[in-house]
Amino acid sequence: MFRVMRRIRRKNRDHREDAGQTPETTPKTLSGALDKDIGAFRAALGESSDIIIKEFEFGFEKQVRGALLYVDGLTDRQLIDDGLLRPLMFDTTFVSGAGEGMSDIEAINRDIIAASDVKPKADFDEMMDDLLSGNTVLLVDGCPRGLSIGDRKFMMRSIEPPITESVVRGPREGFTESIRINTSMLRRKIKNPNLRLEGMKIGKQTHTDVAIAYIKGIVKPGLVEELKKRLERIDTDAIFESGYIEAYIEDAPRSIFSTVGNSERPDTIAAKLMEGRAAVFVDGTPFVLTVPLLFVENFITAEDYYLRPYFASYVRFLRFICYFISVMTPAIYVALTTFHQELIPTQLLFTMAAGLNGVPFPALLEAGLMVVAFDILREAGIRLPIAIGSAVSIVGALVIGQASVSAGLVGPFMVIIIATTAITNFVVSGLNESITILRYVFLIMGGLLGGFGIMMTLLAVLLHMITLRSFGTPFLSPFAPLTPKDLKDSFIRMPLWRMRTRPLSLRSWNIRRRKRTEPRPSGPAAGGMEGQGL
Amino acid sequence: MKDAKKALGVFLCVLMASAATGCSGARELNALSIVIGTGIDSADGAKGLLLTAQIVKPSQIKSGGGSSDSGGNEPGGAQIGQTFWNLQSRGVTMFDAIRESTHQTSNKLYLPHNSLIVIGRKAAEKGIDPYMDVFTRIAEPRPTTLIVMSDTTALEALSVQPQLDILPATNIVKLIEAQRFTSQCRPTNLVDYANTALSETSALAVPLVRIVSGTQPEEKALAVKGMVVLKKGRLVGELSEEESRGCLWVTGDVESGVLPVKYKDGEVSVEIVRASSEVDISYEGGRLRVQAKIEAAGEITENTGMNRIETEEGLDTIAQLAAKAVLDEVTAASQRLRSLSADVYGFGEMLHKKDPAQWEKAREDWDVVFNGLDLSAEVSFHIPSAGLAAKAMPDPQE
């Protein structure tokens, strides 16, 4: 009685589905009747051209009917043909007495199918998810369960060097758009049973695969739970990039600073997990998120740890300087030339004044023009095809660097300022967005109020940064609150053997990284010729 | 949403508040009359204070820098007035004169880069205090601005086109700074002026700049020739180069310099490499006694005689001769300063700090006390070696 009613209701709703409605009436489980189940799939999927449904008969004297469903382009055709269809349709023909067991899905799985990743399933939604993710679904008449065969194979970009974080020394591989390949790259780095990858699907419409990666026993206690809570709270249609996730889980959504880190380097992600952080892999993007993020992490690159500590520390320090140069130089220049000319060395003042001879605009406007011009150039350079991009940068460089000065639009010093700003801008690539915004704020305040304005803005920005937290960790640590032990990996990078603890500011478990060891020859014998052979 | 509105409100408030300042105090770089040097002269009439402001022409400096190589060789200073502009204005007071200048230049004078104040002789004779007060009172001038006196007028000294430098004022500043190689003149700046002006007893010694004729006809150059003594802001006398250094030996301001010493049949040059002085001052029974212990070290840089000097005996003798030369300079300076009753040393202030009770007795009649100054100097000169040529040049007698 109920079943009849449900069927009628389903029929009514099927019409609505055709009108583009979301399938709400799909059955909860498979019925066992092949035609009905196929009908249910058909109804749910509509007339999509990439859905392939292959009905066939198999078994002794072809008594059993079955159907294979898969999405064209997502599956391995070879496996379907050789591993599924061939054994089912031909090999079983000659198995005497096989007809009896042929409707038993377990038996088919066990005896016939030549594929490894096979799961018997009865839940219709699960099967649908698998199907759309690239699995092949095998249905057998008279059997209320089907098989979900994992034979995903689709075209994708191969592993290439990461574009945003290139290194001179270090691995050349970067993440790809496939979450499975990305997690496999991480596994290859950390061969440890404690590396956990917890998967989930986010996005009501896109069902995007998301995986939380962490190392059990090292990760900051409570972090994974909090991360999961925040991920589960996400209520959205679609996730197309990890930036979507970032926007939903960050601590300070209105801040100009991001409190969620990202990287497309497996070695960076592995190292961050080792420090007690957690990572979020999102299908469809090479950018993997890490939490918590500290401000200082933006100044760290993977290569720092592959080089000698002296040079690495120097470069690290340089990046901090570059950050301040990039944010502040236009503002300081404007403040100096309009308010504090007495601070400019006398000789330099003469040359600067000479350069500004005949320049029609006040320094603030001049600087504003050039900063905007640079940002336009950069944006054009990113968006345009490579071939045109170089033309744009040549024209831009000529116009900005040469013509604007000789035409008397801006002073030659402004070009130096903008060039310095532009180059340093790319040194700290992780903070690129906030640098651009802050530069304008500082510029306007410096132009209106001089050094006072710059100091007030600096104060405001610092106050804001001090209030930021990233998953419970103060954004500015280890500087504020000061954690002296963590300074070993901040402005400078101590030798690896001196970095005995994981960052204390993360409060991870298992603080101790290694024993107190300093590399040294193992004894007098090791110094000799014989020792070198060892 | 509410938060966003609040944040926007705060942002707008800050923006408008800062915009309301209207860039007050902002001055564009190309709208400045950058003064690199000032001169003060005295003139007749009601507006008797004459200000010379040397204003830089930045655009000329840039282009003139290249052409000065060729132009500098031309006799007659064809370049004068190209890189700078000597603006002269009069006023009842100095600040009056400074503002008066806006009648001639489009911008206010910008003084923070003023590196030099040249005092004309006539102004120095009348007293420089009315000229100098403004430089110590307003915010723009630097305390490190140097002070020199011109033998003629300040304008003339500031008009001499230098051979190596682009600007006359910078040239004079560099000239004064180069005096540390001879220590025959001590750079004096606004702080020194203020200190002496505030002191009851001290007198100020200021470098003296003279216009001399150059090697080419009609070529003029500037030279530093000793110092002048200003007492209570008025010119009272001059110190020769030796007397100037004699004064600096006592105050411990000698840095470097050459002492030519006659040794046997030749002249030996001793270059001073280090000098220090320790002064003990006392006032008892109406007599001011100063004991100066001067320690100096030198190197022999030249020996024109045919004697071996690198022996211990030779070095000792030369050291004693050098000490004698130092002592001579010290004595000459003290005699001269006593005759001028000008306490350039700052002994008055030293006594004030060391023995306030005695100072109370002495301050009443300081000029008389200073006249009776008993300065005894003890010089120890140390010459460790005879220079790189350890052996003498071939001695024909050996």
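Two strands count as paired if DSSP finds at least two bridges between them, where strands (E, at least two residues) and helices (H or I, at least four) are DSSP runs numbered from the N terminus. The structure is a predicted model, in which local features need pLDDT of at least 70 and side-chain atom pairs count only at pLDDT 80 or more, whereas totals for chains, interfaces and linings use all residues. Residues are numbered from 1 along each chain as its sequence is written, chains are lettered from A in the order in which they are written, and side-chain values use heavy atoms, with hydrogens and water left out.

**Exercise 1.** Trace the pairing of strand E7 of chain A with E6(A) and with E9(A).

*Solution.* Begin with strand E6 (residues 195–202) of chain A, which pairs with E7(A) in the antiparallel sense over 8 bridges; within this pairing, A:Lys201 has A:Asp209 as its bridge partner. Next, note that E6(A) and E7(A) form a hairpin with 5 residues between them, and that A:Gly203 in the turn has a positive phi of about 105 degrees. Then turn to strand E9 (residues 278–282) of chain A, which runs antiparallel to E7(A) and is joined to it by 4 bridges, with A:Ala213 opposite A:Ala279. Finally, 7 of the 8 residues of E7(A) (residues 208–215) are buried, so this strand is largely enclosed by the rest of the structure; buried means under 20% relative accessible area, with a 1.4 Å probe and protein chains only.

**Exercise 2.** Determine which strands stand at the edges of the five-stranded open sheet of chain A.

*Solution.* First write the order, E1-E2-E4-E5-E3, with antiparallel pairing. Strand E1 (51–58) and strand E3 (118–121) of chain A each have a single partner strand, so one side of each is left without a neighbour in the sheet. For E3(A), the pairing with strand E5 (residues 146–149) of chain A is antiparallel over 4 bridges, and A:Pro120 stands opposite A:Leu147.

**Exercise 3.** Describe how helices H15 and H16 of chain A pack.

*Solution.* Start with the geometry: H15 (residues 432–449) and H16 (residues 451–467) of chain A pack at an angle of about 145 degrees with their axes 6 Å apart, axes being lines fitted to C-alpha atoms over the stretch in contact and angles running from 0 to 180 degrees between N-to-C directions. Proceed to the contact (heavy atoms within 4.5 Å), to which H15(A) contributes residues including A:Phe442 and A:Met445, and H16(A) residues including A:Phe452 and A:Leu458. By class, this contact has 9 nonpolar, 4 polar and no charged residues, where Ala, Val, Leu, Ile, Met, Phe, Trp, Tyr, Cys and Pro count as nonpolar, Asp, Glu, Lys and Arg as charged, and the others, Gly among them, as polar.

Terms used:
Buried < 20%, exposed > 50% of the residue type's maximum accessible area, 1.4 Å probe, protein only.
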